[in-house]
Amino acid sequence: MTDLTRSPEIDAFLDKVAGLDNPTSEGSPRVRAIVRKIVADLFDTIDQFDVSEDEFWHALNFLAAGAPEFGLWAPGLGFEHFLDVRQDAKDVAGGLAQGTPRTIEGPLYVGGAPLVESGARIDDGSDAGEPLVMHGHIRDLDGRPVAGAVVDVWHANTKGNYSHFDPSQSDYNMRRRIKADANGRYEFRSILPFGYSVPPGGSTDRLLRAIGRHGNRPAHIHFFVSAPGHRHLTTQINIDGDPFLHDDFAYATRDDLIPPVAHKTDPGDIHAAGFNAPYAEIAFDFVLAPAEQPQAERLSARPRMLVA
Ligand code: BEZ
Ligand code: FE
């Protein structure tokens with residue numbers, strides 16, 4: 001460490017780099033301040049670890065080549081979870097009540113899934129996984145049903161792959177927007193998903209291996225739950241018993257998001273539920289907090305896929 005980054009010369013240089021020496025020029029003061037902080041922290045890192053030129057250019061090229069997987073780096077390096085933790089802390093500080101815990105969206109949502117009635121089957125039948133029925137109610141903080149709520153659900157198949165990103169699956173397989181009924185009840189049928197793994201040999205995989213980590217997620221099901229007058233909820237449930245349940249590379253597991261999975265094998269149960277083989281049943285209620293402002297009803301502005 002040279003302590004160069006503490007010197008007045010480097011301080012002044014950082015101001016120049018971030019456009020702070022000419023504050024009347026065009027540009028945003030907030031962006032200037034953030035750029036200065038990020039560059040200063042990286043200068044410090046280079047100094048502290050005596051990063052060589054070879055290492056610097058290797059890192060820059062690794063970032064440039066890895067950019068198509070930044071959607072995986074964000075959860076893998078904990079940024080998505082940190083944004084959730086910060087939002088939770090802001091809610092607590094602002095006295096805002098929380099319903100079902102939020103947890104990360106991840107990069108695999110596709111907008112515009114068909115809007116269907118409660119009870120619909122959302123898989124196309126091509127994956128012989130364990131049949132699943134999941135159901136519950138959407139309620140407000142006082143326990144009142146939220147009629148007309150929409151549950152936008154998406155999950156992987158038994159290979160841990162998602163339709164759209166896996167071109168071998170049909171459009172919107174295991175993706176639907178489910179309209180809750182007048183009592184706030186939702187239900188859908190599908191198959192139990194398996195856990196996701198980052199693409200082998202990709203930039204995320206190489207980055208995680210370099211720090212002795214893996215890129216596996218436990219089996220899970222994603223949800224956006226929305227209704228007028230209520231805060232938009234982004235969450236997931238994990239499938240209990242998965243070996244990665246508490247070792248998710250994306251840090252999405254939360255204690256209240258692990259409902260029991262009932263594996264039904266009794267022929268009477270199977271027949272009554274309309275299946276012809278043993279199936280899994282998950283009961284899970286969503287609790288929505290009131291929207292403190294109209295924007296709270298909406299999804300964040302993150303760029304998302306949309307099938308044309
Ligand atoms: C997922 O939800 O499946 C996911 C989340 C973060 C990174 C990769 C995948
Ligand atoms: Fe997922």
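Q: How many aromatic pairs does a search of the whole structure find?
A: It finds 13, where rings of Phe, Tyr and Trp (its six-membered ring) pair if their centres lie within 6.5 Å. Bear in mind that this is a predicted model: local features need pLDDT of at least 70 and side-chain atom pairs pLDDT 80 or more, while totals for chains, interfaces and linings use all residues. Numbering runs from 1 along each chain as its sequence is written, chains are lettered from A and ligands numbered from 1 in written order, and side-chain values use heavy atoms, without hydrogens and water.

Q: What's the geometry of the phenylalanine 188 and phenylalanine 223 pair?
A: Tilted, with 6.5 Å centre to centre and 55° between the planes; under 30 degrees would be stacked, over 60 edge-to-face.

Q: Which parts does that pair tie together?
A: Phenylalanine 188 is in strand 7 (residues 185-191) and phenylalanine 223 in strand 8, so the link joins parts 35 residues apart in sequence. Strands are DSSP runs of E, at least two residues, and helices are runs of H or I, at least four, numbered from the N terminus.

Q: Switching to ligand 1: which elements each supply at least two residues of its shell?
A: Helix 4 (70-76) and strand 8 (220-226). The shell residues (a heavy atom within 4 Å) include Leu72, Pro75, His220 and His222.

Q: What polar side-chain distances to ligand 1 oxygens do arginine 217 and histidine 222 have?
A: Arginine 217 has a polar side-chain atom 2.7 Å from a ligand 1 oxygen, and for an N or O in the histidine 222 side chain the distance is 2.7 Å.

Methods
Polar contact = N/O pair within 3.5 Å; in protein donor to acceptor, adjacent residues only side chain to side chain.
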